[in-house]
Amino acid sequence: MLGYAFMGKAHSNAFRKIGYMTWPPPLTPRLVAIAGRNEEAVSEAARRYGFERWTKQWEDLVADPEIGLFDNLGPNDVHAAPTIAAAESGKHVVCEKPLGRDADESYEIWSRVAATGVKHMCAFNYRFVPAVRLAREMIDAGELGELRHFRGRYLQDWGDTTEEVWRFERGAAGSGALGDLAAHVVDLARYLVGEIEAIGGFLRTFVPGREVDDAVEATVEFEGGAVGTIEATRLALGRRNAFQWEINGTQGSLYFDMERLNELQVFRADGDRARGFKTVLVSEADHPFWEHWWPPGHIIGWGDTFVHELHHFLAAIAGTTEVAPHGATFEDGYRAAEVCDAIVRSGERERRERIDYRTLTS
Ligand SMILES: NC(=O)c1ccc[n+]([C@@H]2O[C@H](COP(=O)([O-])OP(=O)(O)OC[C@H]3O[C@@H](n4cnc5c(N)ncnc54)[C@H](O)[C@@H]3O)[C@@H](O)[C@H]2O)c1
């Protein structure tokens, strides 16, 4: 594992839980080594999370023959080199989102890693919320009919600060709310509705002196004919982690809010006089992922999405499933970055952009 802070804690917690909550696990994770720059902090993290050893050099992880899976949880500028090096030394790789700081870097990571033949997953963990998977299953089964609208917004409110964090540095982050939050919305839109073929949008920076965007606004067209909107900001006071989306089809609608993670709002156009959205508590035995957890109504939390995500990746390594379509591969990470780049271009050129996705051979 590279990185011991926010995501380091989330992924370590998940790896530890997989071993007993998802019994029998597809593979039993062994936490071999963790890398970070600060000796005191990384050695403490190793003790706390249960890693056998620690290092200040990520290159040590890449060279370690006992490591079979490399999990990159560093800032965005630390994604490319270690992830590519780990894959080229034969390790399966997980990399946090956004895959790279822009589409070019993301493409480089995807193409170099794909050439090695290892398994790869970009950690878009919101695909692994039970309500999101239920939504996908309902859409796949045709329960919403033909999809017409997607409305997605990811709102947080911590960004109006002079605190020095890597997320505000262009070199370290690549972008602001765009790569941090809008990338999640783009990935979810692609996962639930389908490929995005055109987009119009722009970025806005409000905080004086800030190197990256604070807000993103975009309108999208999907290959399947649906249309939609995408919004992301870290300046929506009162919205702490509000990843909200709504999908309207010809036969029904779905609505979700991350701050109500266990719930899916479902509307069916069934002609009932008393029709309206119903709130489904996604915690039944036959709901996605629920085989790992508790009796109905005994809800789970945000950190548990990483248990589902990394369990899925271990199953892919074990050969019992594929990373795609439910996990985001590095190709998905690259495609999300291509959409984000198109929003930037659209704002600069003041026109709608069609999106050309690169393939591995082009
Ligand atoms: N999927 C999600 O919901 C989600 C949520 C938050 C962050 N993220 C992503 O996870 C990544 C990490 O974000 P975070 O919030 O955990 O950041 P963080 O600042 O909390 O942690 C970054 C970690 O990387 C380490 N690090 C930095 N440079 C390093 C280097 N050269 N070598 C080794 N270690 C190094 C730091 O010591 C720290 O432990 C980012 O790409 C971010 O976009 C994803």
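Student: Which residue forms a salt bridge with D180?

Tutor: R167 does, with the closest N and O atoms 3.4 Å apart. D180 lies in helix α8 (residues 177–192) and R167 in the loop between β6 (147–155) and α7 (170–173), so the pair ties together parts 13 residues apart in sequence. The general rule: a salt bridge is a side-chain nitrogen of Lys or Arg within 4 Å of a carboxyl oxygen of Asp or Glu. Helices (H or I, at least four residues) and strands (E, at least two) are DSSP runs, numbered from the N terminus.

Student: What should I know about the model itself?

Tutor: It is a predicted model: local features need pLDDT of at least 70, side-chain atom pairs count only at pLDDT 80 or more, and totals for chains, interfaces and linings use all residues. Residues are numbered from 1 along each chain as its sequence is written, and side-chain values use heavy atoms, with hydrogens and water left out.

Student: Is D180 buried or exposed?

Tutor: Buried means under 20% relative accessible area, exposed over 50%, partly exposed in between (1.4 Å probe, protein chains only). D180 has 11%, so D180 is buried. R167 has 25%, so R167 is partly exposed.

Student: How many salt bridges are there by this rule?

Tutor: The count comes to 30. Among them, R112 meets E88 at 3.0 Å, N to O. R112 sits in helix α5 (residues 103–114) and E88 in helix α4 (residues 80–88); this pair links distant parts of the chain, 24 residues apart. R112 is partly exposed at 34%, and E88 is partly exposed at 46%.

Student: Which residue does R354 meet in a salt bridge?

Tutor: E197, at 3.3 Å, N to O. R354 is in strand β14 (residues 353–354) and E197 in strand β7, so the pair ties together parts 157 residues apart in sequence. E197 is partly exposed, at 26% relative accessibility. Salt bridges that share partners also form one network, joining R127, D187, R190, E195, E331, D332 and R335.

Student: Are C95 and C122 buried or exposed?

Tutor: C95 is buried, with a relative accessible area of 0%. C122 counts as buried too, at 1%.

Student: Where is E211?

Tutor: E211 is in the loop between β7 (196–204) and β8 (215–222). Its relative accessibility is 48%, so E211 counts as partly exposed.
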